[in-house]
There are 2 protein chains.
Amino acid sequence: MGKRYDYQAIKQWVKRIYDAYGFSENDSAIIARSITATDLYGIESHGVQRLAMYDRKINAGDIKVDAVPEVICETPVSAVLDGHKGMGQLVAGKAMRLAIEKAEQSGVGIVSVRHSNHYGMAGYYAKMASDKGMVGISATNSNPFLIPTYATQPFLGSNPLAFSMPAQPHSFLFDAATTVVSLGKIEVYAKRGKTVPGAWAVDESNEISKDAKKLRKNLSAAPKIGGMLPVGGKGEKNGGYKGFGNALIVEILTSILSQGHLSADLGSGTVKGISHFFTAIDLHLFGDPGEISESLSVMLERIRNLPAETGEKIYIHGDKEAAAFEDRLKNGILIDSETVKEMAEISEQLHIPYQMYL
Amino acid sequence: MGKRYDYQAIKQWVKRIYDAYGFSENDSAIIARSITATDLYGIESHGVQRLAMYDRKINAGDIKVDAVPEVICETPVSAVLDGHKGMGQLVAGKAMRLAIEKAEQSGVGIVSVRHSNHYGMAGYYAKMASDKGMVGISATNSNPFLIPTYATQPFLGSNPLAFSMPAQPHSFLFDAATTVVSLGKIEVYAKRGKTVPGAWAVDESNEISKDAKKLRKNLSAAPKIGGMLPVGGKGEKNGGYKGFGNALIVEILTSILSQGHLSADLGSGTVKGISHFFTAIDLHLFGDPGEISESLSVMLERIRNLPAETGEKIYIHGDKEAAAFEDRLKNGILIDSETVKEMAEISEQLHIPYQMYL
């Protein structure tokens with residue numbers, strides 16, 4: 001499936017690649033940290049696996065190496081940022097740092113962003129706030145994947161929302177697409193030649209399909225064929241209308257508030273640039289941050305210790321990521337051979353020696 | 001099933017009932033407006049149908065007629081409110097008005113509330129903000145209903161979250177429990193002697209049951225038997241972990257931030273008082289409110305006009321409520337005979353003449 005590679009070495013390799021694209025030393029370091037941290041959390045679909053996609057976008061000029069994100073309007077509690085098609089990790093990092101600064105000054109910081117690019121793992125930015133003792137929220141729109149309830153074509157993005165808050169032994173970290181699964185999960189099943197286990201997506205006839213290879217092909221077409229179902233599934237019977245609504249809320253917070261492009265208009269044609277949303281909230285607004293965080297830790301531990309189904313363990317959002325982080329830091333991050341090959345090819349094109357990182 | 005009654009007359013009747021409990025004229029009017037507006041929106045499960053439950057709680061002293069909600073701590077962008085076990089509609093109304101005032105002054109207002117009571121329809125408070133041209137968010141915890149993924153007993157509440165924003169021809173209004181359905185929906189199926197159509201709840205053996213009467217009985221027991229599934233369903237196959245996460249986020253925003261009681265500790269025993277969360281965000285933070293709202297209206301209209309499944313119509317959250325509002329205002333609100341009987345009994349106990357309202 002894949003091999004383990006030393007995290008520090010891979011981070012250095014990624015930084016070298018971004019140095020070579022022409023990003024500043026500082027920006028390359030930020031990008032490399034964000035991308036490889038995602039692999040540390042075990043979210044391999046959004047880490048170095050994405051380098052090939054970013055490479056295509058940089059070469060096509062969809063990601064601008066020299067973009068300088070611009071604050072369009074600003075108050076003590078908010079800002080709107082135009083990413084000017086910069087690298088998503090840079091734009092998002094700047095936006096969340098701005099939200100955190102505003103929260104430090106005013107108690108809360110809300111930053112809506114337009115004209116950015118794929119920013120990796122939504123939770124990475126939410127966790128930037130919880131690492132500072134705050135509540136952090138991060139969301140993004142994307143290419144159109146999600147089919148609204150009773151429609152027959154996609155309109156909304158996979159539109160993930162992440163929420164993080166400090167707790168012991170590690171932060172609460174929720175990070176989830178508003179579709180049943182992210183496209184990456186279908187891709188994993190397709191690569192392994194397996195059928196998908198649930199009702200995740202529909203085919204060209206708007207019928208639920210479990211054929212991972214067909215779904216991957218359809219969902220990579222432009223315009224897409226079929227689409228992905230919202231959490232809650234097809235129709236209204238099991239609450240699909242709620243997943244659709246959550247995706248709409250993310251679309252409002254991202255592309256509507258920032259006056260950027262709708263998910264519906266991305267992915268085919270010439271419209272480019274996705275939108276994000278970030279919020280940081282200082283826990284001092286509600287009392288003693290230590291006490292509030294402690295009561296969260298106690299609640300989460302009570303949930304972990306509830307009676308469980310036979311053979312199952314109850315996980316809190318963030319538990320698996322924290323365990324993966326510890327494991328990967330010690331034993332290396334997991335990269336499949338195809339991704340390593342892609343990284344080697346990118347490095348050769350950029351005339352970067354890379355053998356020492358392997 | 002039920003009969004139509006003039007909205008103004010029923011609102012007047014409800015106000016008389018609350019006058020008789022000893023609430024001030026002003027407070028009774030606020031309570032009556034909130035409860036009957038819910039019936040106008042067609043959410044009959046949370047309107048006058050709840051008067052009997054409130055009556056029991058008032059008589060038991062769980063709802064304090066003379067409670068004065070108290071601001072525990074406050075900043076220009078936030079407050080924590082202790083409801084001192086007051087009527088949920090009064091506490092929540094005060095909290096959302098405070099959030100709106102802060103948003104008018106500072107751009108955003110966040111108010112977390114503890115020691116309150118059932119506040120009716122979550123969306124009513126979110127819409128208070130969108131009626132002022134703002135984004136409104138409202139959430140509440142509740143008695144424990146939701147079973148965390150892989151657990152075998154409920155811990156979290158049905159934990160609804162509502163989100164509203166101004167649009168034409170009417171506000172976007174999302175209002176949904178983080179369980180697949182609210183208990184009220186199971187009660188409706190039980191009353192009609194029907195089986196439930198989806199995988200909504202599990203029985204005493206942690207197996208999905210479609211027996212509405214059994215589910216209603218189990219879920220009304222203290223402590224509850226079985227429990228309700230999160231949006232996304234049982235296990236992880238179709239994203240149940242995401243619905244569980246959304247319920248956890250609501251629990252954090254309500255009982256954790258306000259330092260109130262957890263859903264898990266309510267519903268049986270002596271712990272009383274639920275927690276709410278409200279946010280109002282001024283659209284001026286992001287640019288011209290008219291333009292932003294217009295772009296939302298345009299997007300929602302595009303979704304309504306997507307190709308639809310045969311025989312189906314695509315609804316945006318708030319469409320059904322707006323249509324019901326218009327219908328009920330003109331043709332009367334819909335009240336079942338059992339509820340009218342309960343209202344008559346309450347009125348007799350309070351020595352209120354009520355025949356003129358029927």
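Okay, so let's start with strand β6 of chain B, residues 161–165, where 4 of the 5 residues are buried; buried means under 20% relative accessible area with a 1.4 Å probe, protein chains only. Strands here are DSSP runs of E with at least two residues, helices are runs of H or I with at least four, and both are numbered from the N terminus.

Before I go on: this is a predicted model, where local features need pLDDT of at least 70 and side-chain atom pairs count only at 80 or more, while totals for chains, interfaces and linings use all residues. Residues are numbered from 1 along each chain as its sequence is written, chains are lettered from A in the order written, and side-chain values use heavy atoms, without hydrogens or water.

Which strands pair with β6(B)? On one hand there's β5(B), residues 134–140, antiparallel over 4 bridges; pairing takes at least two bridges found by DSSP. In that pair, B:Ser138 has B:Ala162 as its bridge partner. Then there's β7(B), residues 172–176, also antiparallel, over 5 bridges, with B:Phe163 opposite B:Phe174. A hairpin of 6 residues joins β6(B) to β7(B).

Most residues other than glycine have a negative phi, and most peptide bonds are trans. Is B:Asn159 buried or exposed? Buried, with a relative accessible area of 0%.

Over in chain A, the loop between β5 and β6 holds A:Tyr150, and its phi is positive too, near 75°. A:Tyr150 counts as buried because its relative accessibility is 15%. And the loop between β6 and β7 of chain A has A:Pro169, whose peptide bond from A:Gln168 is cis.

Now, how do the two chains meet? Each of chain A and chain B puts 77 residues into the contact, meaning heavy atoms within 4.5 Å. Together they bury about 6700 Å², 69% of it on carbon and sulfur atoms; that's the accessible area, with a 1.4 Å probe, lost on being put together and summed over both parts. On the chain A side, A:Tyr150 comes back: along with A:Lys242 and A:Phe286, it loses the most area to chain B, together 11% of what that side buries.

Technical notes. Buried area is the accessible area (1.4 Å probe) that two parts lose on being put together, summed over both. Buried means under 20% relative accessible area, exposed over 50%, partly exposed in between (1.4 Å probe, protein chains only).
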